[in-house]
Amino acid sequence: REKLDMLQDFGFDVNVDDMQLYWQAFGKPKEVDLARQEAIPRQEDDRMRFMVKLQSFSTDFQKELAVIEADINKFFSYSDLDQADEYSGQVMMLEQRLKEAQE
(Lines give C-alpha, C1' and ligand atoms only; values in the text may rest on other atoms or scores of the structure.)
Protein backbone atom coordinates (compact mmCIF):
# COMPACT_ATOMS: atom_id res chain seq x y z
CA ARG A 1 0.00 0.00 0.00
CA GLU A 2 2.96 2.27 0.71
CA LYS A 3 4.22 1.99 -2.87
CA LEU A 4 0.77 2.70 -4.19
CA ASP A 5 0.57 5.87 -2.11
CA MET A 6 3.99 6.95 -3.38
CA LEU A 7 2.89 6.47 -6.99
CA GLN A 8 -0.19 8.54 -6.35
CA ASP A 9 1.94 11.29 -4.71
CA PHE A 10 3.81 11.63 -8.00
CA GLY A 11 0.55 11.98 -9.89
CA PHE A 12 0.45 8.46 -11.27
CA ASP A 13 -3.09 7.19 -11.13
CA VAL A 14 -3.18 3.49 -10.30
CA ASN A 15 -6.29 1.53 -11.17
CA VAL A 16 -7.57 -0.27 -8.04
CA ASP A 17 -8.74 -3.24 -10.12
CA ASP A 18 -5.26 -3.60 -11.61
CA MET A 19 -3.71 -3.56 -8.15
CA GLN A 20 -6.11 -6.20 -6.91
CA LEU A 21 -5.29 -8.34 -9.94
CA TYR A 22 -1.57 -7.83 -9.25
CA TRP A 23 -1.88 -8.92 -5.64
CA GLN A 24 -3.98 -11.91 -6.59
CA ALA A 25 -1.35 -12.96 -9.14
CA PHE A 26 1.37 -12.37 -6.56
CA GLY A 27 -0.44 -14.13 -3.70
CA LYS A 28 -1.93 -17.19 -5.42
CA PRO A 29 1.33 -19.14 -5.75
CA LYS A 30 1.90 -18.64 -2.03
CA GLU A 31 -1.64 -19.84 -1.28
CA VAL A 32 -1.14 -22.90 -3.47
CA ASP A 33 2.18 -23.68 -1.80
CA LEU A 34 0.62 -23.28 1.65
CA ALA A 35 -2.26 -25.60 0.69
CA ARG A 36 0.25 -28.11 -0.67
CA GLN A 37 2.29 -27.98 2.54
CA GLU A 38 -0.85 -28.48 4.64
CA ALA A 39 -1.89 -31.46 2.49
CA ILE A 40 1.40 -33.35 2.91
CA PRO A 41 0.68 -34.63 6.46
CA ARG A 42 -2.86 -35.62 5.48
CA GLN A 43 -1.51 -37.42 2.43
CA GLU A 44 0.99 -39.29 4.61
CA ASP A 45 -1.78 -40.26 7.06
CA ASP A 46 -3.91 -41.53 4.16
CA ARG A 47 -0.95 -43.47 2.78
CA MET A 48 -0.33 -45.12 6.15
CA ARG A 49 -4.00 -46.08 6.54
CA PHE A 50 -3.94 -47.52 3.02
CA MET A 51 -0.81 -49.54 3.82
CA VAL A 52 -2.42 -50.96 6.97
CA LYS A 53 -5.54 -51.95 5.01
CA LEU A 54 -3.41 -53.43 2.23
CA GLN A 55 -1.39 -55.47 4.74
CA SER A 56 -4.57 -56.73 6.37
CA PHE A 57 -6.07 -57.64 3.00
CA SER A 58 -2.86 -59.38 1.98
CA THR A 59 -2.80 -61.41 5.19
CA ASP A 60 -6.43 -62.44 4.78
CA PHE A 61 -5.81 -63.34 1.14
CA GLN A 62 -2.80 -65.49 2.05
CA LYS A 63 -4.87 -67.31 4.66
CA GLU A 64 -7.64 -67.94 2.13
CA LEU A 65 -5.11 -69.27 -0.37
CA ALA A 66 -3.69 -71.64 2.26
CA VAL A 67 -7.19 -72.98 2.97
CA ILE A 68 -7.85 -73.44 -0.75
CA GLU A 69 -4.53 -75.23 -1.18
CA ALA A 70 -5.37 -77.56 1.71
CA ASP A 71 -8.76 -78.31 0.11
CA ILE A 72 -7.08 -79.09 -3.20
CA ASN A 73 -4.65 -81.44 -1.48
CA LYS A 74 -7.61 -83.30 0.07
CA PHE A 75 -8.75 -84.29 -3.42
CA PHE A 76 -5.66 -86.46 -3.80
CA SER A 77 -6.88 -88.64 -0.94
CA TYR A 78 -10.34 -89.25 -2.42
CA SER A 79 -10.69 -92.75 -3.81
CA ASP A 80 -14.30 -93.83 -3.12
CA LEU A 81 -16.20 -93.66 -6.40
CA ASP A 82 -19.53 -94.05 -4.56
CA GLN A 83 -19.01 -90.52 -3.20
CA ALA A 84 -18.32 -88.98 -6.60
CA ASP A 85 -21.40 -86.72 -6.36
CA GLU A 86 -20.19 -85.30 -3.05
CA TYR A 87 -16.72 -84.79 -4.50
CA SER A 88 -18.12 -82.96 -7.51
CA GLY A 89 -20.05 -80.62 -5.22
CA GLN A 90 -16.86 -79.86 -3.32
CA VAL A 91 -15.05 -79.25 -6.59
CA MET A 92 -17.73 -76.77 -7.71
CA MET A 93 -17.54 -74.91 -4.40
CA LEU A 94 -13.75 -74.82 -4.63
CA GLU A 95 -13.93 -73.59 -8.21
CA GLN A 96 -16.20 -70.73 -7.09
CA ARG A 97 -13.78 -69.79 -4.29
CA LEU A 98 -10.90 -69.82 -6.76
CA LYS A 99 -12.79 -67.47 -9.09
CA GLU A 100 -13.53 -65.12 -6.18
CA ALA A 101 -9.88 -65.20 -5.13
CA GLN A 102 -8.82 -64.45 -8.69
CA GLU A 103 -10.97 -61.31 -8.78
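Modeller: At 40% relative accessibility, methionine 51 counts as partly exposed, a class that lies between buried, which is under 20% relative accessible area, and exposed, which is over 50%, as judged with a 1.4 Å probe and the protein chains only. This is a predicted model, in which local features need pLDDT of at least 70 and side-chain atom pairs count only at pLDDT 80 or more, while totals for chains, interfaces and linings use all residues. Residues are numbered from 1 along each chain as its sequence is written, and side-chain values use heavy atoms, with hydrogens and water left out.

Methionine 51 has its place in helix 2, which covers residues 16-75; helices (H or I, at least four residues) and strands (E, at least two) are DSSP runs, numbered from the N terminus. Together with Phe50, Leu54 and Phe57, Met51 makes a nonpolar surface patch of about 430 Å². Such patches are made of residues with over 30% relative accessible area and no salt bridge, where like charges are joined within 9 Å and nonpolar side chains (Val, Leu, Ile, Met, Phe, Trp, Tyr) within 5 Å. The areas themselves come from the Shrake-Rupley method with a 1.4 Å probe, and for residues only the protein chains shown count as cover.

Aspartate 46 is itself partly exposed, with a relative accessible area of 42%.

Moving along the chain, methionine 51 and valine 67 are 16 residues apart in sequence, and their C-alpha atoms are 24 Å apart in space. Valine 67 can also be set against glutamine 96: these two are 29 residues apart along the chain, yet their C-alpha atoms are separated by 14 Å. Glutamine 96 belongs to helix 3, residues 84-102, and at a relative accessible area of 41% glutamine 96 is partly exposed.

Arginine 97 is partly exposed at 25% relative accessibility, and glutamate 64 is partly exposed at 33%. A salt bridge also joins arginine 97 to aspartate 71, the closest N and O atoms being 2.7 Å apart. That pair links distant parts of the chain, since arginine 97 is in helix 3 and aspartate 71 in helix 2, 26 residues apart. Aspartate 71, with a relative accessible area of 18%, is buried. Through salt bridges that share partners, Glu64, Asp71, Lys74 and Arg97 are joined into one network, and a search of the whole structure finds 7 salt bridges.

Stepping back to the whole protein, there are 3 helices and 0 strands, and the pattern read along the sequence is α-α-α. The radius of gyration, taken over C-alpha atoms, is 34 Å, well over the 13 Å that the globule rule gives for 103 residues, so the protein is more spread out than a compact globule; that rule is 2.2 Å times the number of residues to the power 0.38. The C-alpha trace spans about 110 × 20 × 10 Å along its principal axes, and buried residues make up 8% of the 103 residues.

Methods: Salt bridge = Lys/Arg side-chain N within 4 Å of Asp/Glu carboxyl O.
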